[in-house]
Amino acid sequence: MKQKLLILSPFLPWPLNTGGNAGVYNMLKSVVEDYEVHFVTSMNSINKPEYVKLLTSQIKGITFHLYDYKKANNKKFEYFRKIVRRLQLRMNFEGNINALSFNLNDEITPDYIEFVKDIIYKNNIDLVQVEFCSYLPWVYALPKSVRKIFIHHELRYVRDSQEYEKNTYGAYLTDFAKDNEISMLNRFDRIVSLTSIDKEKLEKEGVRVPIYVSTLAITDNTPDFTVWKSSNRLSFVGGSGHSPNYEGIKWFVMNVLPLVQKQISDVKLDIIGSWSPESQKEILNLSSAVEFKGFVPSLIDGIKNTLMIVPINIGSGIRMKILESSSNSVPFVSTVVGVEGLDFESGKDCYIAKDKDEMAKQIVTVLENPDIYASLSKNAYDTFVSKYSFDAMKKMRLNVYVFND
């Protein structure tokens with residue numbers, strides 16, 4: 001008989017327009033073969049009932065449970081919760097840092113807790129897997145009788161400290177949030193970090209429970225290394241809702257792209273993913289060489305014959321865009337932070353730039369040399385197959401679920 005796994009996440013892994021969604025989607029496809037899987041989340045503007053129908057039809061064997069706040073028994077509680085949340089957002093320091101400081105429990109309501117507990121008891125759940133930092137506080141509400149695993153997609157205190165290190169109030173909130181983060185992690189039975197670097201950081205900060213390294217999975221592809229079109233097109237995958245993406249693109253367009261244009265005047269940058277109208281306008285005002293593609297039905301078609309850029313300068317976790325590009329034989333140029341935690345070698349599998357001048361030089365080198373483009377493509381793909389293939393990632397994740405006592 002299969003063990004029963006409940007996955008508790010603030011997000012449905014749909015649509016597949018972000019690296020995180022694609023990674024969780026493919027991981028679900030892998031574990032459902034060995035576990036009876038229940039997926040629980042709440043209904044909101046991001047998590048829609050029609051997405052549940054699509055996911056149910058595409059991943060057989062998973063039961064999705066969608067909690068609806070509008071059907072809560074305590075209507076008064078829900079009403080005041082929304083008011084308090086709006087007030088917090090208005091008072092919030094620059095719109096980001098409250099996710100782990102003041103706003104931790106805004107989704108974990110009494111009715112939602114009972115909804116999840118009812119699923120656990122009725123289905124005799126063996127393991128509960130919690131995803132993403134905003135759901136960390138669930139560790140206080142889950143029954144003590146079940147094993148609890150947390151999937152740490154990104155160390156929030158690392159990103160916050162990088163963003164607000166020069167602001168006194170920001171530094172105060174970051175330290176407050178970090179203590180919350182570490183304390184809650186220590187209440188789980190196991191932690192999964194996406195990179196060995198994140199594991200080392202967590203252990204250094206005082207996480208005492210076992211930490212496993214398990215990268216998110218993506219579907220393997222069979223690339224065509226003979227294809228080369230001198231399109232002088234760059235590509236970037238990621239939405240503006242993730243601040244490292246927004247800050248990275250802004251930095252690239254302001255500092256790197258002009259240097260590339262001095263050598264290749266007709267270079268273009270395709271940005272794939274969801275960007276707010278305000279963010280698009282800001283970037284387009286900086287450069288007319290940028291084109292926002294939004295959601296593309298096929299990521300392979302969207303990035304084929306381009307050079308992917310990863311201009312990320314803050315954050316932690318893993319860049320799924322790098323694994324996507326490597327599995328599709330698309331070469332990439334990244335910052336040091338962008339490729340952190342992944343085993344790709346600069347000059348062999350990719351190029352890794354230390355500053356804007358080096359990044360611009362590397363981009364020009366790849367775009368002007370088809371042989372280098374092809375070589376980076378093949379080497380990165382070989383590294384992907386040996387270390388990050390679907391089967392390799394599945395084996396790593398299933399190992400996390402095995403408790404020997």
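Visitor: What share of the 405 residues in the protein is buried?
Guide: Buried residues make up 55% of them. Keep in mind that this is a predicted model.

Visitor: OK. How many helices and strands are there in the protein?
Guide: There are 15 helices and 13 strands.

Visitor: And the contacts? What percentage join residues at least 24 apart, among those between residues at least 6 apart in sequence?
Guide: That figure is 71%.

Visitor: Let's pick a residue. Where is Asp189?
Guide: Asp189 is in a loop.

Visitor: Why does Asp189 count as partly exposed?
Guide: Its relative accessibility is 29%, so Asp189 falls in the partly exposed class. That class lies between the cut-offs of 20% for buried and 50% for exposed.

Visitor: Which residues does Asp189 contact, leaving aside neighbours within four places in sequence?
Guide: Asp189 is in contact with Val146, Arg147, Lys148, Val209, Pro210 and Phe403.

Visitor: Take Lys148. Which of its atoms lies 2.7 Å from a polar side-chain atom of Asp189?
Guide: The backbone nitrogen of Lys148.

Visitor: What about Phe150? How many residues apart in sequence are Asp189 and Phe150?
Guide: They are 39 residues apart in sequence. In space, the C-alpha to C-alpha distance between Asp189 and Phe150 is 8.3 Å.

Visitor: New topic: helices H9 and H13. At roughly what angle do their axes cross?
Guide: Roughly 45°. H9 covers residues 243-263, H13 covers residues 356-368, and their axes come within 9 Å. That angle is why H9 counts as oblique to H13.

Visitor: Is that crossing left-handed or right-handed?
Guide: H9 and H13 cross in a right-handed way.

Visitor: Which residues meet there?
Guide: From H9, they are Trp251, Phe252, Asn255, Val256, Leu259, Val260 and Gln263. From H13, they are Lys356, Asp357, Met359, Ala360, Ile363, Val364 and Glu368.

Visitor: How many residues of that H9 and H13 contact are nonpolar, polar or charged?
Guide: Nine are nonpolar, two are polar and three are charged.

Visitor: Last stop: Thr383. Which helix holds Thr383?
Guide: Thr383 is in helix H14, which spans residues 370-387.

Visitor: Is Thr383 buried or exposed?
Guide: Buried, because its relative accessibility is 8%. The cut-off for buried is under 20%.

Visitor: What does Thr383 touch, not counting residues up to four places away in sequence?
Guide: Thr383 touches Asp343, Phe344, Lys348, Asp349 and Tyr388.

Definitions and conventions: Residues are numbered from 1 along each chain as its sequence is written. This is a predicted model: local features need pLDDT of at least 70, side-chain atom pairs count only at pLDDT 80 or more; totals for chains, interfaces and linings use all residues. Side-chain values use heavy atoms; hydrogens and water are left out. Helices (H or I, at least four residues) and strands (E, at least two) are DSSP runs, numbered from the N terminus. Buried means under 20% relative accessible area, exposed over 50%, partly exposed in between (1.4 Å probe, protein chains only). Contact means heavy atoms within 4.5 Å. A polar contact is a pair of N or O atoms within 3.5 Å; within protein, one must be able to donate a hydrogen and the other to accept it, and residues adjacent in sequence count only if both atoms are side-chain atoms. Axes are lines fitted to C-alpha atoms, for helices over the stretch in contact, and angles run from 0 to 180 degrees between N-to-C directions. Angles under 35 degrees count as roughly parallel, over 145 as roughly antiparallel, 65 to 115 as roughly perpendicular and the rest as oblique. A crossing is left-handed if the near helix is turned anticlockwise from the far one by less than a right angle, and right-handed if clockwise. Ala, Val, Leu, Ile, Met, Phe, Trp, Tyr, Cys and Pro count as nonpolar, Asp, Glu, Lys and Arg as charged, and the others, Gly among them, as polar.
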